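User: I would like to learn how to read aromatic contacts and a sheet in a structure. Where do I start?

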Amino acid sequence: MGNLQTGDKAMLLLKNGYLLDPASGTEGYRDILIDVSGGRIVKILPQGASVEKGRPSSLPKAIDLNGQFVVPGLVDVHVHFRDPGFTHKEDICTGSRSAARGGFTSVVLMANTKPAVDQMEILAYVLQKGKETGIHVHSCATVTKGLQGKELTDMEGLSRQGAAGFTDDGIPLLDEELLREALRRAAKCGKPVSLHEENPALITNNGVNAGRAAAHYGIGGSPREAEISMVERDLRIALEEEADLSIQHISTKEAVELVRQAKKKSGHIYAEAAPHHFTLTEEAVIRHGTLAKMNPPLREEADRMAIIEGLRDGTIDMIATDHAPHSGEEKAKPLTEAPSGIIGLETALSLGIRELVDKGYLSMMELVEKMSLAPARLYHLDAGYLKEGGPADMTVFDPKKEWTVEGFASKSANSPFVGERLPGVVCYTICAGKIVYQSLKDAALQ
């Protein structure tokens, strides 16, 4: 950006932004002075306040935001960047660009790569590549070696190496005693365990709800009981062990209620919802085929509304995309052969605005909290808040401006939202004080 110097530091002033900070509850027009070199916020000032006096050449570079929203950089604690092993779908570099375009400054990668992130060397590789991207890339390690569900990894060593948490995402932990021991060891490390809750013994064809969508295609599908039974068991174990447990990408109304009741008994229970689960139902699979196939599958309208209510009343703590890239060739396979999953980083904020804020279920502050502060807290990340001396990670967006879903920064384009007009244009993504993404229109103004 060619920021001007103030003293010995490169500084950037964001003027006339509408700040929302869920950590402090601050809301209103502010000017924000950023130390670009140090990556921290220097001052948060009343709108129009003088930063400093001096020669014009000594003043910081200023960007007039004209009332655009300024919020903590978004945090996604459930993404797949497919690196190592599946880089034809995505890699850490392209995934990070997709995240920045969606307004995310911090992501937590899932560990079901090839090889899986079950050893120090693989975790070190992922974290080192993440440091080269411009955003904060964290990673989980697997709970079990090789995702086999038989033997626990060196959870203590992986935690010391920098693992943000532990998950065998994509594969449920079927061994009850193994899960119990994993929760105990993760608790000693101060790290959460996040679980994919689908019992494969109950599933005939994954990725499609065993209801109207499965009947449409003449297949068995995935019944809701596959999720409910696992959630019920795992919440019971977590309550007994008093360990931090996160239920991933919740999809059924019954699971939402189970989490609601468990949270009344313990502060260690968490849950995440994916934007597709509070936006779409199984009808989307009938319309879009494999582009709407995912695990767990899209369910019924009553489930979608239960997830929205769970977000509204705090049962579901956070929104996480489960960004799952696949190539066009893979998604072009027949429904029962194509892989499950959709990309989500570049549409998440807009879907939250359209489905939750514009329809009156959440305030904008509440949406921002579920997409920044809450996930950062679960994974103990220094993120999700805006204050003087804090990290200069922020997302600037216009909630009213619309855009058409097309031309992704991700390597993949497997999204049922392609072609839709959505509200909420990300104008700037700033990470550690540096602009890592800006929309073309805003770039033209600089």
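Analyst: Start with the idea of an aromatic pair: two rings of Phe, Tyr or Trp pair if their centres lie within 6.5 Å. In this predicted model, Tyr-18, Tyr-29, Phe-69 and Phe-397 form one aromatic cluster.

User: How many aromatic pairs does a search of the whole structure find?

Analyst: The search finds three. One of them is Tyr-18 with Tyr-29, which is edge-to-face, with 4.9 Å centre to centre and 75° between the planes. Tyr-18 belongs to strand β2 and Tyr-29 to strand β3, 11 residues apart.

User: Is Tyr-18 buried or exposed?

Analyst: The cut-off for buried is under 20% relative accessible area. Tyr-18 has 18%, so Tyr-18 is buried. Tyr-29, at 40%, is partly exposed.

User: Why is the pair of Phe-69 and Phe-397 called tilted?

Analyst: Planes under 30 degrees apart count as stacked and over 60 as edge-to-face; the rest are tilted. Here the planes are at 40°, so the pair is tilted, and the ring centres are 5.6 Å apart. Phe-69 lies in strand β6 and Phe-397 in strand β14, so the pair ties together parts 328 residues apart in sequence.

Conventions. Residues are numbered from 1 along each chain as its sequence is written. This is a predicted model: local features need pLDDT of at least 70, side-chain atom pairs count only at pLDDT 80 or more; totals for chains, interfaces and linings use all residues. Side-chain values use heavy atoms; hydrogens and water are left out. Rings of Phe, Tyr and Trp (its six-membered ring) pair if their centres lie within 6.5 Å; planes under 30 degrees apart count as stacked, over 60 as edge-to-face and the rest as tilted. Helices (H or I, at least four residues) and strands (E, at least two) are DSSP runs, numbered from the N terminus. Buried means under 20% relative accessible area, exposed over 50%, partly exposed in between (1.4 Å probe, protein chains only).
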